Amino acid sequence: MIQPTTIQSTLQWHQQYVDTALRASVQKILTIIGSDELKTYYGQMQYHLGWVDASLQPTRSNPGKLLRPVLLLLAYEAVGAWGLVNEKSADTTYLQRALPAAVAVELTHNFTLIHDDIEDGDTERRHRPTLWTVWNTAQAINTGDGMFALARLALWDALEHGVDSTLAARLAMLLDRTILVLAEGQYLDISSEDRQTIPVAMYVDMIERKTAALMSCATEMGARLGTTNTETINCLRSFGKAIGIAFQIRDDLLGIWATREELGKTEAGDIYRCKKSLPILHALEHATPRDRNRLQEIYQQKKLSPEDVEEVLNIFQHTQTRDYCRTFLQDQCHLADAALARVPNPGSAIATRALQDMQKVINYIREAGH
């Protein structure tokens with residue numbers, strides 16, 4: 001997805017700090033192990049993260065949006081960054097307190113992507129061959145496992161940046177619980193593949209676990225690193241959950257109705273792939289018996305024609321599916337708005353900018369519903 005300038009500029013300032021901290025985390029392990037035999041192992045991680053090519057030579061590839069760690073840093077700043085900000089200077093050392101958690105969240109996200117690619121049989125991610133297609137399935141599983149462990153180790157680096165052991169342990173428990181919920185979401189997703197119909201409510205439950213859980217974890221971790229105010233922490237947790245659900249619904253909408261220019265790939269691609277996203281599930285629940293049977297017939301085919309896709313789109317029109325998905329997206333954005341509005345502004349310029357940036361993220365997601 002091509003990101004509008006507004007969202008790219010919103011994320012870019014924090015992305016550089018996350019990227020530097022990520023690289024330092026991997027380099028720290030490489031320094032400790034001191035083994036040439038394991039350089040390829042960690043090189044596989046670096047390949048997935050977009051830092052090297054398949055020959056392990058440095059390259060500049062798309063690392064992704066780094067949205068989750070950026071949201072963590074924004075939440076941390078929005079609640080006052082533990083009072084560490086020096087408003088009279090451009091000093092950014094206050095970010096060091098939150099960066100280990102940001103790195104842990106991003107590595108967690110990426111270990112799930114490595115495993116998802118294997119489980120889904122995806123051969124491309126971010127316009128490059130997926131890890132398992134380059135180094136084989138067994139190596140990719142092991143690399144994903146290693147990245148999971150690296151994420152946990154990265155979090156404990158917070159102890160070196162002023163985070164007390166009680167808070168560090170609480171953050172670790174939160175991350176572990178979230179990882180379990182992510183695995184539950186993936187289980188539900190895989191289990192649904194062979195089912196002809198999936199209730200919309202079940203799909204929403206699945207994306208709450210698979211997509212929203214880590215965003216909610218990120219914003220809660222950022223808030224906990226920046227304040228002890230329970231109400232504020234709860235508000236930012238709710239913000240992350242709503243944003244996570246909305247983000248997935250946004251992808252569901254764009255996967256069918258975005259133009260080639262907007263999406264950067266085949267229009268109605270989710271239909272061609274027979275992806276069981278919210279639009280098809282809503283249509284199956286609300287279509288006439290004839291249309292429902294036809295949708296099921298089309299989605300059971302191995303390859304769809306443009307005529308098949310057009311027929312699906314016509315049925316979506318009959319069931320007002322696009323309007324339903326737009327409304328669903330807007331409702332989640334409203335929940336995010338409301339949660340963010342309840343976060344008290346500490347009054348600093350950094351907190352004000354962070355709250356504004358979080359609102360820009362909501363607006364960016366909201367645009368897909370117009």
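Visitor: Which residues are exposed on the other side of H13?

Guide: Pro289 and Arg290 are exposed there. Exposed means over 50% relative accessible area, buried means under 20%, and partly exposed lies in between, with a 1.4 Å probe and protein chains only. This is a predicted model, in which local features need pLDDT of at least 70 and side-chain atom pairs count only at pLDDT 80 or more, while totals for chains, interfaces and linings use all residues. Residues are numbered from 1 along each chain as its sequence is written, and side-chain values use heavy atoms, leaving out hydrogens and water.

Helix H13 covers residues 289–299, and its buried residues are Asp291, Leu295, Gln296, Ile298 and Tyr299. Seen down the axis of H13, these buried residues fall within an arc of 165 degrees, so they line one face of the helix. The arc is taken from the directions from the helix axis to the C-beta atoms. Helices are DSSP runs (H or I, at least four residues), as are strands (E, at least two), and they are numbered from the N terminus. The cover over the buried residues of H13 includes helix H11 (269–272), helix H12 (278–286) and helix H14 (306–318). Contact here means heavy atoms within 4.5 Å.

A helix can also be described by how it packs against another. Two packed helices are described by the angle between their axes and the distance between the axes. The axes are lines fitted to C-alpha atoms, for helices over the stretch in contact, and the angles run from 0 to 180 degrees between N-to-C directions. The axes of helix H4 (residues 99–120) and helix H8 (residues 200–226) come within 10 Å and cross at roughly 170 degrees. H4 and H8 are therefore roughly antiparallel to each other; angles over 145 degrees count as such, under 35 as roughly parallel, 65 to 115 as roughly perpendicular, and the rest as oblique. On H4, the contact is made by Ala101, Val105, Thr108, His109 and Asp116, and on H8 by Lys210, Leu214, Ala218, Met221 and Leu225.

H4 also packs against helix H7 (residues 165–191), where the axes come within 12 Å and cross at roughly 20 degrees. H4 and H7 are therefore roughly parallel to each other. Ala104, Thr108, Phe111, Thr112, Asp116, Glu119 and Asp120 in H4 meet Leu175, Ile179, Leu182, Gln186 and Ile190 in H7.
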